[in-house]
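Dear colleague,

Please find below the structure I am handing over to you. My notes on what was found in it follow.

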Amino acid sequence: MPGARPPVHNGAMESSAGNGGAGRAPRRFDVCNGDADGLCAVVQWRLADPAPATLVTGLKRDIALLARVPAQAGDEVLVCDLSMDRNRDALVRLLDRGVRVRYFDHHAPGRIPEHPALEAHIEPASAVCTSVLVDRYLQGRFRAWAVVGAFGDNLPELAGRLAATIGLPEDATRRLRVLGEAINYNAYGADESDVHIAPARLFERLARFADPIRFLERDPIGDEIAALRRADLERAAREGACSEGDGWAVHRLPDAPWSRRVLGSFANALALAQPGRAHAVARPAADGSREVSVRAPLRSPGGAHEFARRFGGAGRARAAGIEGLPAARFDEFVRAFAAMRWAEATTAGDRHAAGATRSGAQRASSRAAR
Ligand SMILES: [Mn+2]
């Protein structure tokens with residue numbers, strides 16, 4: 001695209017951006033979490049608008065992605081499934097530079113910057129995910145991919161309802177569930193050497209198909225990841241709970257590539273299998289600290305992020321994570337987990353999720369391992 005395009009015509013951008021916007025073709029950047037919800041959100045968007053774009057993504061734990069985007073005045077950035085609260089400074093810098101940003105997400109955003117170049121679609125309810133927000137915006141054009149994303153974010157009821165609206169047969173729905181859970185699982189690891197395929201490479205293969213069932217028929221990678229996930233889950237299940245009570249259980253896994261991959265999937269599987277209980281899955285990290293995935297009981301799905309925040313973590317109402325929990329605080333963590341009253345937290349979590357400002361969360365230094 002040699003620079004033949006007209007300059008950007010948004011006055012707000014040019015006034016704040018100086019010379020960068022004129023005489024250069026605008027570039028596009030797609031920025032998303034590397035899990036199923038993030039990837040399937042962008043897949044839908046690029047199927048609807050197949051313009052060349054640079055993908056910026058990473059593993060589940062890579063949350064501060066917006067700071068890596070080298071966009072300049074006149075460029076466009078699409079952000080999907082990344083906490084605005086954790087990316088606000090980078091977002092404001094982009095906007096001030098004259099970049100147009102379209103933002104879809106379902107994490108509690110804290111304060112949303114008011115800026116004419118920001119288009120925000122944010123809904124931090126516990127029963128929605130980013131792929132579904134994009135599906136709504138696109139009026140269901142690539143809904144089967146939203147089904148994959150919702151299954152990946154452990155929202156099987158929502159995914160099932162969406163699948164029914166497009167008349168997806170039961171067997172196809174089941175296959176999309178396996179795919180969504182596999183893509184989600186593939187985002188967990190300490191680094192890309194832990195996972196079967198880097199999420200950015202996986203995206204390229206997903207985005208070739210308007211229909212995820214076709215993808216499964218043509219590309220073996222979905223089945224490969226699903227098989228690896230099953231094997232890792234079986235290994236995790238053999239470890240058993242290290243402590244448990246009526247409404248809760250804490251599991252501990254050894255530190256290994258398989259446990260780093262399966263931590264979040266295992267927590268999701270436990271939450272689905274025992275919806276009346278809260279679950280935590282912990283593993284030691286290389287530096288001796290603990291990484292913990294926290295799941296609120298699915299019957300009263302709230303409070304997970306608030307609980308995790310007490311230990312330096314973050315996440316969403318039903319699923320949260322802590323990285324870098326000092327080993328010396330693990331017993332305290334287990335005691336607090338056992339004493340947690342999830343049903344009461346649900347209300348507080350929803351009120352919080354409804355979008356109140358929360359500036360303190362920016363100082364949370366650990367990254368979410370939801
Ligand atoms: Mn999500």
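Helices (H or I, at least four residues) and strands (E, at least two) are DSSP runs, numbered from the N terminus. By that definition the protein chain has 14 helices and eleven strands. This is a predicted model, in which local features need pLDDT of at least 70, side-chain atom pairs count only at pLDDT 80 or more, and totals for chains, interfaces and linings use all residues. Residues are numbered from 1 along each chain as its sequence is written.

Five of the strands form an open sheet in the order S2-S1-S3-S4-S5, with parallel pairing (two strands pair if DSSP finds at least two bridges between them). Strand S2 (54–56) and S5 stand at the edges with a single partner strand each, so one side of each has no neighbour in the sheet. From one strand to the next, the twist averages 15°. Strand S1 (residues 28–32) runs parallel to S3 and is joined to it by five bridges; Asp30 has Leu78 of S3 as its bridge partner.

Helix H4 (residues 130–137) is mostly covered, with six of its eight residues buried (20 or more other C-beta atoms within 10 Å of the residue's own, C-beta atoms being placed from the backbone). The buried residues are Thr130, Ser131, Val132, Leu133, Val134 and Asp135. Their cover includes helix H2 (36–48), strand S3 (76–80) and helix H5 (143–152). Just after H4, Gln139 adopts a positive phi of about 55°. Across the protein chain, 51% of the 370 residues count as buried.

With kind regards

Terms used: A residue is buried if 20 or more other C-beta atoms lie within 10 Å of its own, exposed if 12 or fewer, and partly exposed in between; C-beta atoms are placed from the backbone. Two residues are in contact if their C-beta atoms, placed from the backbone, lie within 7 Å. Axes are lines fitted to C-alpha atoms, for helices over the stretch in contact, and angles run from 0 to 180 degrees between N-to-C directions.
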